[in-house]
Amino acid sequence: MDDVTSFVVSFGIVALGLAGYLARLWLLARRLKSR
Amino acid sequence: MSALAWWRVAAKDARLELRAREALQPILLTGILVVVVGLLAFHDVEERLPVAAATLWIGLAFAGSLGLARAFGAEKDRGTIDTLLTLPVARGHLYVGKVASSFLTILVVALVLVPLYFAVGGLALPASWPALLLLVALGALGLAATGAMLSLLAAQARSRDALLPVLLAPLVVPLLLAAIHGTMDVLADLPFAEWRPELLILVGYDISFLAASTLLFEAATGA
Amino acid sequence: MRRWLAWMALFALGADVFLTLVMAPRAANFSAPLTQRIFYYHVPAAWVAYLAFGVTAVAGLVQLKRRDITSDAIALASAEIGTLFSLIALFTGLVWARQEFVGYDPLRDAKVVTLAVLILAYLAYFALRRAIEEPARRRRLAAVFGLLAALGVPLSYLASQASIHPDFTRADESLDPALARYLLFSLGAFTILYAALLDARARLALLEARQEEPWTT
């Protein structure tokens, strides 16, 4: 892996991780509030 | 009084364990199996010591957790755990009693497994074999201390047999790391300075988990 | 989550990205200078992972004293967020180290081992919670386990330090002091982010707990 690719991958891990968790929070909120 | 109390609980457990010799059998067998499979699988590996040390402790950990799952599982099934808790004995003493009996079980397994390596595993008895005994004793104590506590937690949950290894694994890593590496060094007859850090970690682990568990035992049981 | 907290986190994170990707100077003496920038995210992520774990343990202590639902909600929320950040820290760390060091062996890095133990501890925590149906008991036992795990993690670090030769743990210490302030800012930004996420998740956990037991205050 070259420098650029590894940077993109590692940054992607951070971005996807955070985005994914926010999505989870949003879905959880929706589920709980609709009860 | 208090020392006598936990001695009584431990003695009762030990007696029950020894009486129910069939219960000890699967535990011993598991340990032996791990060792034998390990020795066979790695028969052509030059480095005997890492394999020996690793399989010994993995065998002890497996055998130990089998015994532990029974430690509280059996009593909950028998319904005696509530009775035990009503005894005029502080619950901390109950925990220490369990640790003692688990410790003895693991020690018995170790006393069977360790000679195996020297008998059939192609290992030479090191000059520092008392050190080996010390490490085994400390490691067994740590396994018993953590395991007894966690099996108490698991016993109050569903699927406790599957849950105990999951709970035990992360907490027992430091113990296993120190025990395995210390054992390797001792088997190689390396000087004390080499395995002193591992020894210190084992001692620290045992003290920490015994102390923490004794303090938390009350919270872990009862209403 | 609280509006102001959300905005603060967003701003902090945005500033962080800008600062670390655009403004921070190229790191000298690194064979992979672009990837090095992930350092500004990897280290704070690991920091948050351990911070979150500490919060879970302390919340557990409070739980055992007060037997309330709020401390448990915080414990659960912090555990979840901690798991997220430990995974982020672990994988970014691996990618960076593999890129930067020839012959890097993650198993010889005490920090990798400790992070792995942390993740296993978190997973065990969730497994325990899922296995107990009665809410009060779940809160209590989870708190106990959280405290025991809090003992085990530092011990894991010590044990892996003692037993790993050669040691890759010191691998990433060579940071130029001029770059240190960017790292510091990143640490702050991630802490604010953690606070915001904790606030959001804990509220949801509280909501869920109240729905489970409507009679609790």
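The crossing of α3(C) and α4(C) in this predicted model is left-handed, a crossing being termed left-handed if the near helix is turned anticlockwise from the far one by less than a right angle, and right-handed if clockwise. Helix α3 of chain C covers residues 39–66 and helix α4 of chain C residues 70–100, and the two pack at an angle of about 155° with their axes 7 Å apart; the axes are lines fitted to C-alpha atoms, for helices over the stretch in contact, and the angles run from 0 to 180 degrees between N-to-C directions. That angle makes α3(C) roughly antiparallel to α4(C), where angles under 35 degrees count as roughly parallel, over 145 as roughly antiparallel, 65 to 115 as roughly perpendicular and the rest as oblique. The contact of α3(C) with α4(C) comprises 19 nonpolar, 10 polar and two charged residues, with Ala, Val, Leu, Ile, Met, Phe, Trp, Tyr, Cys and Pro counted as nonpolar, Asp, Glu, Lys and Arg as charged, and the others, Gly among them, as polar. Helices (H or I, at least four residues) and strands (E, at least two) are DSSP runs, numbered from the N terminus.

Residues are numbered from 1 along each chain as its sequence is written, while chains are lettered from A and ligands numbered from 1 in the order in which they are written. Because the model is predicted, local features need pLDDT of at least 70 and side-chain atom pairs count only at pLDDT 80 or more, whereas totals for chains, interfaces and linings use all residues.

In the loop between α3 and α4 of chain C lies C:Arg67, a residue other than glycine whose phi has a positive value near 55°. C:Arg67 counts as partly exposed, because it has 15 C-beta neighbours inside 10 Å; a residue is buried if 20 or more other C-beta atoms lie within 10 Å of its own, exposed if 12 or fewer, and partly exposed in between, with C-beta atoms placed from the backbone. A positive phi, of about 60°, is also found at B:Asp189, which is not a glycine and is placed in the loop between α7 and α8 of chain B. B:Asp189 is partly exposed, with 13 other C-beta atoms within 10 Å.

Chain A has one helix and zero strands, and its C-alpha trace spans about 50 × 10 × 5 Å along its principal axes. Of the 35 residues in chain A, 11% are buried. Helix α1 of chain A, residues 3–33, packs with α4(C) at an angle of about 175°, the axes lying 9 Å apart, and α1(A) and α4(C) are therefore roughly antiparallel to each other. Among the residues making this contact are A:Val9, A:Ile13 and A:Tyr21 of α1(A) and C:Leu84, C:Phe91 and C:Trp96 of α4(C), two residues being in contact if their C-beta atoms, placed from the backbone, lie within 7 Å. By class, the contact of α1(A) with α4(C) has 10 nonpolar, five polar and no charged residues.

Taken over the whole chains, 21 residues of chain C are in contact with 17 residues of chain A. On the side of chain C that touches chain A, at least two residues each are supplied by α2 (33–36), α4 and α7 (177–212) of chain C, and α4(C) gives the most, with eight residues. That side of chain C has 14 nonpolar, four polar and three charged residues.

Chain B contains eight helices and zero strands, and 48% of its 223 residues are buried. Among the contacts in chain B with a separation of 6 or more, 83% are between residues 24 or more positions apart. Helix α2 of chain B, residues 21–41, holds B:Gln25, which is exposed, with 10 other C-beta atoms within 10 Å; B:Gln25 and B:Val109, 84 residues apart in sequence, are 9.9 Å apart in space, C-alpha to C-alpha.

The contact between chains B and C takes 28 residues from chain B and 26 residues from chain C. Helices α6 (129–155), α7 (160–187) and α8 (192–220) of chain B each give two or more residues to the side of chain B that touches chain C, and this side has 21 nonpolar, five polar and two charged residues. The largest nonpolar core has 143 residues, and those with the most contacts inside it are B:Leu60, B:Leu153, B:Leu167, C:Leu128 and C:Phe145; a nonpolar core is a set of buried Ala, Val, Leu, Ile, Met, Phe, Trp, Tyr and Cys residues joined through C-beta atoms within 7 Å. With neighbours within four places in sequence left aside, C:Phe145 is in contact with B:Leu153, B:Leu167, C:Tyr125 and C:Leu128.
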